[in-house]
Amino acid sequence: MMRRSLWLVPRFGSCKGLLGSPRLRPQSVLHRHPPRQVLGTSFSSSTDALVARFCPKTTDLKDYALPNASWSPDMMRLYEEFLEKTKDGEWIKLPSFKSNADHIRGLKVPGGLTTTSKEDGRLFTRFLEKEGQGYEYVIFFNPAKKKSVCLFQPGPYLEGAPGFAHGGALVALVDETFSKTAYLSGHGLFTINLNIKFKNLIPVGSVALLNVELEKIEDHKMFLSCIAQSPDQQVLFAKVSGVFLQLELEEEE
C-alpha cells in the first residue's frame, strides 16, 4: 500500500515491516529542517556496518539469489560479470533469504509498529519455491556510490499480457530493490512514494536490468531512481522514482 504522507507510517505496514519490535526517536521525523546529507560521507561507516549485518559470512539459511537450472544464458552471463566486480570490493552480491526478518535481526522497528511474522512468512518476491516459475533475481550493491543493480528474470507465474510479465510484478521488485538500497545506504525503511512510467513490456523468461541509484537524502527522506532496461540497453521497460523514510534504528537489548 502506498503511503500518502509521513504521518501514516506508524499506522500501516511496509515492505520492511518484518524487522523486529518498535522504537522511534521523535527527532527522526519531527525535526523540521535537518541538514541535507552529502552522499558518500555521512553514512560511510554506517553503510559498512549495515552491509556486514545484512550479509552474514556464515549462515544455514538458503540464499535464493544463487544460480539455478532455470537461469538463462543471459542471466548467467550477467551474474558472472557482476560477480567478477565483487572481487575488488567495489560491488557486493546481496544474499536473498525467504524473509526480511532473516536479514536484519536485533533491530527495533520504529513508529509503534508491532510484528506478527510467523516462521512460515515469506518475502513477496520469494513466494515460490519452484525454480524459474516466479521471481528469479539477484541484487548487487555498490556501497561507495549508494547504487544497486538487480538482474531480473520473470517466470510464467508473473505473466500479465500473454507472454509478458505483469507490470505489478516489476513494481514489486523495483520496490524491493529500492528498499534494500535505501536500508544499506542509511536506514531507509518505509516506502512513502513510488511513481512508475511503463515504456515496454518485459517478455517472460527474458532478463531485465534494474539500475537503482540513491539521488539524495533530504528532510529524513531518501530519494531513489530506477531505470529498467534490456541488458543491451536498447529497450527501456520503465522509469521509476521512489521516496523512502529514513529512520534511526536501535539495537535490541
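1. Start with Trp71. In this predicted model, Trp71 is buried, with a relative accessible area of 6%. Tyr79 gets the value of 6% as well, so Tyr79 counts as buried too. For orientation while you look around: of the 253 residues of the protein chain, 47% count as buried.

2. Now the rings. The count comes to ten aromatic pairs. Take the rings of Trp71 and Tyr79: their centres are 5.4 Å apart and their planes make an angle of 75°, so this pair is edge-to-face. If you wonder why two numbers are quoted, a pair of aromatic rings is described by the distance of the centres and the angle of the planes.

3. Tyr79 has another ring partner, Phe140. That pair is tilted, with 6.0 Å from centre to centre and 55° between the planes. Which parts of the chain does the pair of Tyr79 and Phe140 link? Tyr79 belongs to helix α3 (residues 73-85) and Phe140 to strand β2 (residues 135-142), so the pair links distant parts of the chain, 61 residues apart. Phe140 has a relative accessibility of 0%, and so it counts as buried.

4. Zoom out a bit and you'll find a cluster. Ring pairs tie together Trp71, Tyr79, Phe82, Trp91 and Phe140. One of these rings, that of Phe82, also has a charge over it: the charged end of Lys85 sits there, 4.4 Å from the ring centre.

5. On to opposite charges. Side chains of opposite charge can pair when their charged atoms come close. In this model the count comes to ten salt bridges. One of them is between Lys93 and Asp63, at 2.8 Å from N to O. Here too, distant parts of the chain are linked: Lys93 is in strand β1 (residues 92-94), while Asp63 is in the loop between α2 (44-54) and α3, 30 residues apart. Are Lys93 and Asp63 buried or exposed? Both are buried.

6. Glu176 and Lys180 meet in a salt bridge, with 1.9 Å from N to O. Both residues lie in helix α5 (residues 167-186), and they are four residues apart, which is about one turn of the helix. Glu176 and Lys180 are buried.

7. Next, look at Lys216. Its side chain meets that of Glu218 in a salt bridge of 3.2 Å, N to O. Glu218 is partly exposed at 28% relative accessible area, and Lys216 is partly exposed at 26%. Elsewhere, salt bridges that share partners join Lys62, Arg122 and Glu129 into one network.

8. The charged end of Lys216 sits over the ring of Phe223, 4.8 Å from the ring centre. Where does Lys216 stand relative to Phe223 in β6? Lys216 stands opposite Phe223.

9. Strand β5 (residues 208-218) and strand β6 (residues 221-229) run antiparallel and are joined by nine bridges. Their hairpin has two residues between the strands, and in it Asp219 takes a positive phi near 55°. Strand β5 also pairs with strand β3 (residues 147-154), in the antiparallel sense, over six bridges. Within that pairing, Leu151 has Leu209 in β5 as its bridge partner.

10. Finally, the overall layout. The protein chain has five helices and seven strands. Read along the sequence, these follow the pattern α-α-α-β-α-β-β-α-β-β-β-β. Then there's the contact count: among contacts between residues at least 6 apart in sequence, 74% join residues at least 24 apart.

Technical notes
Residues are numbered from 1 along each chain as its sequence is written. This is a predicted model: local features need pLDDT of at least 70, side-chain atom pairs count only at pLDDT 80 or more; totals for chains, interfaces and linings use all residues. Side-chain values use heavy atoms; hydrogens and water are left out. Rings of Phe, Tyr and Trp (its six-membered ring) pair if their centres lie within 6.5 Å; planes under 30 degrees apart count as stacked, over 60 as edge-to-face and the rest as tilted. Buried means under 20% relative accessible area, exposed over 50%, partly exposed in between (1.4 Å probe, protein chains only). A charge sits over a ring if NZ of Lys or CZ of Arg is within 6 Å of the ring centre and within 35 degrees of the ring normal. A salt bridge is a side-chain nitrogen of Lys or Arg within 4 Å of a carboxyl oxygen of Asp or Glu. Two strands pair if DSSP finds at least two bridges between them. Contact means heavy atoms within 4.5 Å.
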